[in-house]
Amino acid sequence: MLERLWLWLHACCLRLRGARLAEGARVNAGTRFSHVRGIRLGAHARLYWGGDVLLGPRGRFDVGHHSHLAPYHYCLVADNRLSIGDHVAIGPRCQFFCHSNGIPADAPATPFTACHIDGDIRIGNNVLIGAGCIVLPGTVIGDNVVVGAGSVVKGVLDSGWVYAGTPARKVKPLC
């Protein structure tokens, strides 16, 4: 009973700060946010404990209906957009980078700390992302995709496939 009251109070606090939480959406109090205004969670979406969602003032973090991010997720969105579809299961310790350092064409002339890559990440519907995956800027994952644990994902992952590896590559059709 006390836990339900705590979840309700936490959700109210997030809503007052500008988050949009649909019916049944739950955010564990151990999840940390840099900004709350750009957060939208669909019906029965879940963010489990120990996660970080780092949004800039113009960043967007959308999680679809019946989707969840397991414990210890890390989402560096900055002023970009991380969009997760419906019925998506994301394993523990997954990391999403919409903003990251990169290697410029004139590498010796520019300090690496001054070089950034930005790109939205879009994840389709009915996707399973295994534990410990890293998803890099500009990635698009289609519908009905499985990404094996520990994979590093960049680019476009076509719908209906199993991907795995570093970098993630097509392994086999899903059906």
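I began with the secondary structure of the protein and recorded 1 helix and 23 strands; helices (H or I, at least four residues) and strands (E, at least two) are DSSP runs, numbered from the N terminus. I then noted that the radius of gyration is 17 Å, close to the 16 Å of the globule rule for 175 residues, so the protein is as compact as a globular protein of that length. This radius is taken over C-alpha atoms, and the rule is 2.2 Å times the number of residues to the power 0.38.

I recorded that the model is predicted: local features need pLDDT of at least 70, side-chain atom pairs count only at pLDDT 80 or more, and totals for chains, interfaces and linings use all residues. Residues are numbered from 1 along each chain as its sequence is written, and side-chain values use heavy atoms, with hydrogens and water left out.

I looked up the extent of the C-alpha trace, which spans about 55 × 45 × 20 Å along its principal axes. Of the 175 residues, 42% are buried (under 20% relative accessible area; exposed is over 50%, partly exposed in between; 1.4 Å probe, protein chains only).

For Leu-69, 21 residues from Tyr-48 along the chain, I noted a C-alpha separation of 6.2 Å from Tyr-48.
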